[in-house]
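This report describes selected local features of one protein model.

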Amino acid sequence: MTDTAGGKVIKPGGTIGVLGGGQLGRMLALAGRNMGYRFVTLDPTEDAPCGQVADEQIQANFDDVEAARKLAVLSDVITYEFENVDAHVTSILMNESYVPQGSELLYTTQHRLREKRAIEAAGVPVAPYAEVKSAAELKEAIARFGTPCVLKTATGGYDGKGQWVIRSIDEAEEAYETLSRARTELVLEQFIHFDKELSVIAARSPRGEVKAFPAAENIHVHNILHQSIVPARIPEDVQQEAEKLATRIAEGLGVIGLIAVELFLTKDGQLYVNELAPRPHNSGHYTMEACRTSQFEQHVRAICNLPLGSTELLTPVVMVNLLGEHIEPLNGLIDQPGFLEDTDLGVSAKVHLYGKKEAKEKRKMGHINLLASDVQHALTWIERTRIWESK
């Protein structure tokens, strides 16, 4: 570790501690190992995906202070691979180790209301919203926003959990009663009739360097990301504006590492930020083969305060997620001629599996990056394989 005018630099050979042992930590460790870093991860799951490729796994709950302190002793720098890591533990680690991402960004992005206010403070538009503290307040907000609208818990929830799409004011009582059981604040969001869902991954280092990856066009099925299409099928000026908004958020929130900015694009070309994730993101997996620098290498560079890498897109790409129900059909095709290299369509399939033991339905088990001369060729490949027919 060395200090520069722009902050600490963690050079290759150092140890990166990862709070969380899932697939994002796994891919982060694989990228960092290529750069010469060592890894130790903390996760309660035995033989966690990140633990399989790290130098050591500390098996403990995320709120285990003593386990976190052990992680601190073993690490030169600590990062997190998902935002529901205990912010109190992160705050303690800041006093005992080097956590360049800090706890403030976690505190902000773990709570939808705080997150929305921070985005607005950065001068970036979000969809109209309202905090609701009673069924009566919910009904009043529904009347103001119209239906459909979306009631969400302020904390927790992912992949569609912790939310209720309200299609009639008659649902207000039941929606409020159901989600208020989570015992956290609730927020009602006006439904944006979007044309496309987009996301941009941006990186910022302690020295203040900021770079954004090309925007991805995202397709969700059952509230779970299904495909990321890059380049997104949007006008160039919208692409530039999306990257500009992500950069503004990274700078405004003082991000260190990666920030994933999810956006809605309306038919009239308006962009609204939907959510933030201060970490590598599923919609950024396309960067692993399609960009000069992957999101995972970029995150390592950022938290270690190395110069950021080029985010140039080298090839059109479609990332498609593999859920539990897709693993059996994948295994039936992976050794077949023309699957990994389809010369007819000119598509190369790069398979990434996460090392999870049980292939549960709707559980993210891996993804495939489809490299092609045109994204339509990759989309045709997806249709032809029929792996995702019953998605």
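## The second largest pocket

Which residues lie nearest the centre of the second largest pocket? The model examined here is a predicted one. In this model, Q101, E104, L105, L253 and G254 lie nearest the centre of that pocket, and its lining consists of 14 residues. The volume of the second largest pocket is about 180 Å³.

Helix α4, which covers residues 104-109, supplies three residues, the largest share of the lining. Of the lining residues, eight are nonpolar, five are polar and one is charged.

## Aromatic pairs

How many aromatic pairs does the model contain? The count comes to four.

F339 belongs to the loop between α11 (327-333) and β18 (341-342), whereas W381 belongs to helix α12 (residues 375-385), so the pair ties together parts that lie 42 residues apart in sequence. Both partners are classed as buried: F339 has a relative accessible area of 4%, and W381 has a relative accessibility of 2%. Ring pairs also bring in W388, so that F339, W381 and W388 are linked into a cluster.

## Charges over rings

Two arginine side chains are placed over aromatic rings. R114 lies over the face of Y107, with a distance of 3.6 Å to the ring centre. In the case of R144, the charged end sits over the ring of F145, at 5.1 Å from the centre of that ring.

Is E189 buried or exposed? E189 is located in strand β10, which spans residues 186-190. Its relative accessible area is 6%, so E189 is classed as buried. The side chain of E189 makes a polar contact of 2.9 Å with the side chain of K116. A polar contact of 3.1 Å joins E189 to K152, again through the side chains.

The side chains of H352 and E289 are joined by a polar contact of 2.8 Å.

## A partly exposed strand residue

Q163 is found in strand β9, which runs over residues 163-166. Its relative accessible area of 27% makes Q163 partly exposed, because this class lies between the buried limit of 20% and the exposed limit of 50%. Between Q163 and L179 there are 7.3 Å in space, from C-alpha to C-alpha, while the two residues are 16 residues apart in sequence.

## Backbone features

Most peptide bonds are trans, and most residues other than glycine have a negative phi. Where does the chain contain a cis peptide bond with omega near 0 degrees? The bond from T147 to P148 has this form, and P148 lies in the loop between α6 (135-145) and β8 (149-153). The peptide bond between V230 and P231 is also cis, with omega about 5 degrees. P231 is placed in the loop between β14 (224-230) and α8 (236-252).

D47 is not a glycine, yet its phi is positive, at about 55 degrees. The position of D47 is in the loop between β4 (38-42) and β5 (56-58), and D47 counts as partly exposed at 37% relative accessibility. N223, likewise a residue other than glycine, has a positive phi near 65 degrees. N223 lies in the loop between β13 (216-221) and β14. With a relative accessible area of 48%, N223 is partly exposed.

Terms used
Residues are numbered from 1 along each chain as its sequence is written. This is a predicted model: local features need pLDDT of at least 70, side-chain atom pairs count only at pLDDT 80 or more; totals for chains, interfaces and linings use all residues. Side-chain values use heavy atoms; hydrogens and water are left out. On a 1 Å grid over the protein atoms alone, a cavity is a set of points where a 1.4 Å probe fits but cannot get out, and a pocket is an open set with protein on both sides within 12 Å along at least five of seven lines; lining residues have an atom within 4 Å of a point. Grid points are joined across faces, edges and corners, and a volume is the space filled by probe spheres set on the points. Helices (H or I, at least four residues) and strands (E, at least two) are DSSP runs, numbered from the N terminus. Ala, Val, Leu, Ile, Met, Phe, Trp, Tyr, Cys and Pro count as nonpolar, Asp, Glu, Lys and Arg as charged, and the others, Gly among them, as polar. Rings of Phe, Tyr and Trp (its six-membered ring) pair if their centres lie within 6.5 Å; planes under 30 degrees apart count as stacked, over 60 as edge-to-face and the rest as tilted. Buried means under 20% relative accessible area, exposed over 50%, partly exposed in between (1.4 Å probe, protein chains only). A charge sits over a ring if NZ of Lys or CZ of Arg is within 6 Å of the ring centre and within 35 degrees of the ring normal. A polar contact is a pair of N or O atoms within 3.5 Å; within protein, one must be able to donate a hydrogen and the other to accept it, and residues adjacent in sequence count only if both atoms are side-chain atoms.
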